[in-house]
Structures are given as C-alpha cells and as structure tokens.
Amino acid sequence: MNELPTLARVFAYLSLLTIGGGMAAYPALEHEVVDVHHWLTMQGLVHLYSVGQMAPGPNMMVVASIGEHVAGPLGSLVVVLAFFLPTVLITFGVGRLWVKLERWRWRNAIQQGLAPVSVGLVLAGAITLAKGALLDWPAVVIALAVFLILLRSKVNPAYLILGGAVIGFVAFKGVN
Amino acid sequence: MSSPAPGPAPEQVTVPQIFRAFLLIGATSFGGGVVAYLRSSLVEKHRWIDDRTFVEFLAIGQTLPGLNATNMSVLVGDRLRGAVGAAVAVIGMCLPGALLMFAAGVAFGIHGNRTVVVAMLHGVAAAATGLVFALTVQIGKKALGGIADLVFVLGTAAAVSLFHVKVFHALLVLGAISIWWHRPRADGTAAG
C-alpha cells in the first residue's frame, strides 16, 4: 500500500517526458520501473509494453498493467491518473493559450524546434526497447519483417503483433 | 463551401455524443495509429472539426507533453464543449484500453512466467519493436525540414541511448538549442 505515493510520483514525472509520443518516455520508464524500484524485470517490462501496443486507445496503457502488478486495482487507478492527469491539464491550459498565440513569432519556432528533438527521443525509446526485445536472431528477423511490412503497406499492426505471438510460440518454445 | 454539413454543427454537439464518439475510438483503435481513427471519426464521420483545425491541434498536441491520443481528445473536446467536453473525451478515449491493460496486468501476474507465454511474448516484443521503429520513421518523415533537423534527431537519440543522458535533460538542453535554431528571423514572414 505504501507504494502508492511512489507510483504516483514516478508516473507523474514520466508523463511530462512524453513529448512526441509515449515512446519518448520509455528509457526513463525502464530506468524507474526496472533499475530504481524493481517493480518488474527488464524482460517483464518489455513483454507488458509490447502487449500494450495491441490495446486500443493511447499506446501507453501498459502503465495500467504496471500499477496493477505493483499494487492491485488501486495501484492501477493511481498510476493511470498520475500518468494522464498532469499532461491533460497542461494541454487543456496551454492548448487554449496556444490557439490564441497564432501570431506570436516564437510559436512556430517552438513547434519546429521541438519536433526533431521529440523524434530523437522516440528513436531513443525504440532503441531501448530493441535492446530488451531483440535478444536473438529470430527476434531480429521478426522485427525487421514487421518494420518493412508497415513501411510498405497499410496492414493493421495489431495483426502483425498477433503474428509475432504465433511465430514466437513456434520459434522460442524450446529456448526457455 | 455552402453545402450543408450532414452532422450537427459544433455548437449543437452534446456531451454524451462526445463521450460516445471518443469511447468508440478508444475501444476500436487496435494496433496504434489512433490519429487516423480520430481523423476519420471527427473530421469525416461527425464533421465536428475540419482538416485544418485537426492538423493544427495535432501540431499543438505533439509539441506539448502527453500522448497524441489524449492531447487530441482534450483539444477537440474543449473546442466542442469546453472543460466538460475535454474531460469526457479523455475518459472515453482511455477507459477501454485501461480496462484491457488492467486485465493484462492480472493475467501477466498469473501466467507471465509460463514457458509458453514467455515464448509468445518474445515474439510479441520483437514484432512491437518493428512497429515502434516504423512509427519513428513515419513521424520522422513528417517532422524533418532539413539536415539540421536530422542532426537534432540523431543528436538527441545518441545523447539518450549512447551517453545515457536523462530524457528530461536531453529535452531541456537540445530542445532549447533546437528552438533557438528555428528562432524567428528578422526577415521572417510573421514579422509585424
């Protein structure tokens, strides 16, 4: 139960890092959840995060699973609120201001300036995930295949991830 | 231009209508790409906002912290019905995925260490990694204006991935440098 304040603090902090997408916060998420607080193993986090990519809605709902894992239903609720409420309030407040600032000369500078940095953060998140997920050649082949298919077609990624589960069942069953 | 809109005009949209629309998106946008679902619902189906507003909201949402899905919900909900509209839009967007992932957390606690499950999750993680890199390329293509931007992308990624700079610090320092690089110039069109 005394994990709740810690959960709230950690996930409120992580929410502020999600510029450009949830993936931008992934390196910090891994650091906090695995290294600092030992709530999950690195493999556990990679697995849960990846399952979360299939869920509908915001692509960081893995936080609900982590909260449940640490402190049950209440933990899940606390983490979801801590992770979404701060940025919802910021966007609500700044969003209104931002629309009014249409003629402010720095507005475009901020949008254009933060865009490449946020892409860089998302790329760093992808690299962190890859380090945890691509532990052998079959995994690299699956990732590369999904990557190329998605860049060349409009297939729903959820089917490809389900396909990954089937291939994983066949390819990795004997590994563990 | 004067053709009548099939959906209700924005000032007539009710709070329950907003909640239902976002709940539907929150429940059906499997496989990520929630922005595409948002556009098809809000711009094409309901015609609550036009494409120009949608793109502008998207730019704002991507600049501010927070996920695209929830930031878009806040901005559109606020535009349609103020604070209450924003609140029900976010709740509708988050509820289905949160319940599903809560259940996933329970299932993971019970079955997460079984050999068969671990094998399947290895495959899922590999596929999700491919997905995340594809998304990175897709947003990168849209966001990048030139060589300088590419340098900022790679510099930020290298700082975090290679040199283990904290995400927060990388954001502050490289964000400030990049904004300064894109600063309004004296001959800029926005002058005056």
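**Exercise 1.** At what angle do helix 4 of chain A and helix 4 of chain B pack, and how far apart are their axes?

*Solution.* Let us begin with what we are looking at. This is a predicted model, where local features need pLDDT of at least 70, side-chain atom pairs count only at pLDDT 80 or more, and totals for chains, interfaces and linings use all residues. Residues are numbered from 1 along each chain as its sequence is written, while chains are lettered from A and ligands numbered from 1 in the order in which they are written.

Step 1: find the helices, which are DSSP runs of H or I with at least four residues, numbered from the N terminus (strands are runs of E with at least two). Helix 4 covers residues 62-100 in chain A and residues 68-111 in chain B.

Step 2: read the geometry. The angle is about 165 degrees and the axes are 10 Å apart. Axes here are lines fitted to C-alpha atoms, for helices over the stretch in contact, and angles run from 0 to 180 degrees between N-to-C directions.

Step 3: name the arrangement. The angle makes the two helices 4 roughly antiparallel; under 35 degrees counts as roughly parallel, over 145 as roughly antiparallel, 65 to 115 as roughly perpendicular and the rest as oblique.

**Exercise 2.** Describe how helix 5 of chain A meets helix 5 of chain B.

*Solution.* Step 1: the axes come within 9 Å and cross at roughly 165 degrees. Helix 5 of chain A is therefore roughly antiparallel to helix 5 of chain B.

Step 1: look at the residues. Among those of helix 5 of chain A in this contact are A:Val119 and A:Leu123, and helix 5 of chain B brings residues including B:Val132 and B:Phe133. Residues are in contact if their C-beta atoms, placed from the backbone, lie within 7 Å.

Step 2: sort by class. This contact has 15 nonpolar, three polar and no charged residues. Ala, Val, Leu, Ile, Met, Phe, Trp, Tyr, Cys and Pro count as nonpolar, Asp, Glu, Lys and Arg as charged, and the others, Gly among them, as polar.

**Exercise 3.** How many residues does each chain give to the contact, and which helix of chain A gives the most?

*Solution.* Step 1: chain A gives 97 residues and chain B gives 90.

Step 1: helix 5 of chain A gives the most to its chain's side, with 25 residues.

Step 2: by class, the side of chain A that touches chain B has 63 nonpolar, 30 polar and four charged residues.

Definitions and conventions
Two residues are in contact if their C-beta atoms, placed from the backbone, lie within 7 Å.
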